[in-house]
Amino acid sequence: MDIIDFRFRPNTPEIINGIKSSAMFKAACKAIGFDARTARPLPDIVADLDRLGVELGVITGRDCETTYGFPANNKSVLEFCRAYPQKFVGFWGIDPHKKMAAVREIEHVVGAYGMKGIAIDPYLAHIPASEARFYPLYAKCCELDVPVFITMAPPPQVPGAILEYADPRDVDKVARDFPELTLIMSHGGYPFVNETIYTCLRNANVYMDISEYERAPMVDVYVRAMNDLIGDKVLFASAHPFVELADALEAYADFELNADVRRKVMYENARRVLRLA
């Protein structure tokens with residue numbers, strides 16, 4: 001089966017060390033055992049993607065410099081995409097607190113770098129997705145016709161991050177105000193499982209992945225929703241290297257999904273969101 005991984009970050013030494021030392025995730029890494037993750041050269045990582053049947057990986061950047069004082073990792077996103085343009089596409093991380101500079105940045109990276117969309121982290125920005133500072137970014141993405149990837153579900157022990165900032169009901173408000181804008185909620189909006197599912201169901205422009213929560217309590221609710229309600233709205237994503245890609249694929253192999261739904265979730269829905277021919 002063809003596969004598109006909608007949240008994959010190569011586990012190169014730079015990326016692994018950057019995550020471990022970040023102001024946002026340093027404590028979380030210890031809590032979830034991330035410190036045991038090993039780094040690998042990029043060619044080996046790409047070879048593994050080929051071996052596992054992954055046609056394309058979406059790399060999402062992160063910029064929360066204003067709230068955490070940690071440099072954005074967008075430079076690595078661009079480097080990966082340029083090194084393997086047939087294997088990776090990028091979503092540029094945007095900091096809403098940078099105001100009009102952030103709006104201009106979106107136009108530049110989409111036009112000059114070929115980024116397929118932008119990525120935002122409301123819980124790391126310490127404001128919900130429906131807060132006014134995000135709206136100029138959404139308007140620019142509508143103008144450029146590119147999607148917005150919204151990181152949800154704060155990991156443990158992230159300083160200053162609270163669940164309220166990652167409530168899918170705020171994404172529902174954004175979907176109402178920007179019906180032309182494609183929105184992707186990551187991590188299943190966990191623990192707001194039912195709210196996330198219903199936000200996808202009631203808004204034609206909202207999608208989701210359940211990365212990192214494939215074996216969490218209530219995963220059966222996600223699987224039932226894929227089969228019965230939102231088979232067209234879920235994207236496979238591993239969240240590698242926080243989760244090993246092979247482990248995420250194994251979890252999905254265990255899901256009792258209808259064959260047509262499995263094909264959509266693993267591949268076809270992502271192609272539609274990315275507007276691939």
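The model described here is predicted.

**Helix H11**

- The buried residues of H11 are Val219, Tyr222, Val223, Ala225 and Met226. Viewed down the axis of H11, these buried residues fall within an arc of 160°, so they line one face of the helix.
- Asp220, Arg224 and Asp228 are exposed on the other side of H11.
- An α-helix has 3.6 residues a turn, so residues three or four places apart point the same way.

**Helix H12**

- Helix H12 spans residues 245-254, and its residues Leu245, Ala248, Leu249, Ala251 and Tyr252 are buried. The arc that they cover around the axis is only 155°, which places them on the same side of H12.
- The exposed residues Ala253 and Asp254 are carried by the face of H12 that is turned away from its buried side.
- The cover over the buried residues of H12 includes two strands, E1 (3-5) and E2 (54-60). Helix H3 (42-51), helix H11 (219-228) and helix H13 (259-274) are also among the elements that cover the buried residues of H12.

**Contact of H12 with H13**

- Two packed helices are described by the angle between their axes and the distance between the axes.
- For H12 and H13, the packing angle is about 160°, and the axes are 11 Å apart. An angle over 145 degrees counts as roughly antiparallel, and H12 and H13 are therefore roughly antiparallel to each other.
- The crossing in which H12 passes H13 is right-handed.
- On the H12 side, Leu249, Tyr252 and Ala253 take part, and they meet Arg262, Val265 and Met266 in H13. By class, the residues of this contact of H12 with H13 comprise 5 nonpolar, no polar and 1 charged.

**Contact of H6 with H8**

- Helix H6 (residues 100-113) packs with H8 at an angle of about 25°, and their axes are 9 Å apart. This angle makes H6 roughly parallel to H8.
- H6 passes H8 in a crossing that is right-handed. From H6, the contact involves Ala102, Val103, Ile106, Glu107 and Val110, while H8 contributes Pro136, Leu137, Lys140, Cys141, Glu143 and Leu144.
- The contact of H6 with H8 contains 8 nonpolar, no polar and 3 charged residues.

- Lys140 is located in helix H8, which covers residues 135-144. With a relative accessible area of 10%, Lys140 is buried, because buried means under 20% relative accessible area.
- When neighbours within four places in sequence are left aside, Lys140 is in contact with Val103, Ile106 and Glu107.
- Pro136 and Pro147 are 11 residues apart along the chain, and their C-alpha atoms are separated by 14 Å.

Notes
Residues are numbered from 1 along each chain as its sequence is written. This is a predicted model: local features need pLDDT of at least 70, side-chain atom pairs count only at pLDDT 80 or more; totals for chains, interfaces and linings use all residues. Side-chain values use heavy atoms; hydrogens and water are left out. Buried means under 20% relative accessible area, exposed over 50%, partly exposed in between (1.4 Å probe, protein chains only). Helices (H or I, at least four residues) and strands (E, at least two) are DSSP runs, numbered from the N terminus. The arc is that of the directions from the helix axis to the C-beta atoms. Contact means heavy atoms within 4.5 Å. Axes are lines fitted to C-alpha atoms, for helices over the stretch in contact, and angles run from 0 to 180 degrees between N-to-C directions. Angles under 35 degrees count as roughly parallel, over 145 as roughly antiparallel, 65 to 115 as roughly perpendicular and the rest as oblique. A crossing is left-handed if the near helix is turned anticlockwise from the far one by less than a right angle, and right-handed if clockwise. Ala, Val, Leu, Ile, Met, Phe, Trp, Tyr, Cys and Pro count as nonpolar, Asp, Glu, Lys and Arg as charged, and the others, Gly among them, as polar.
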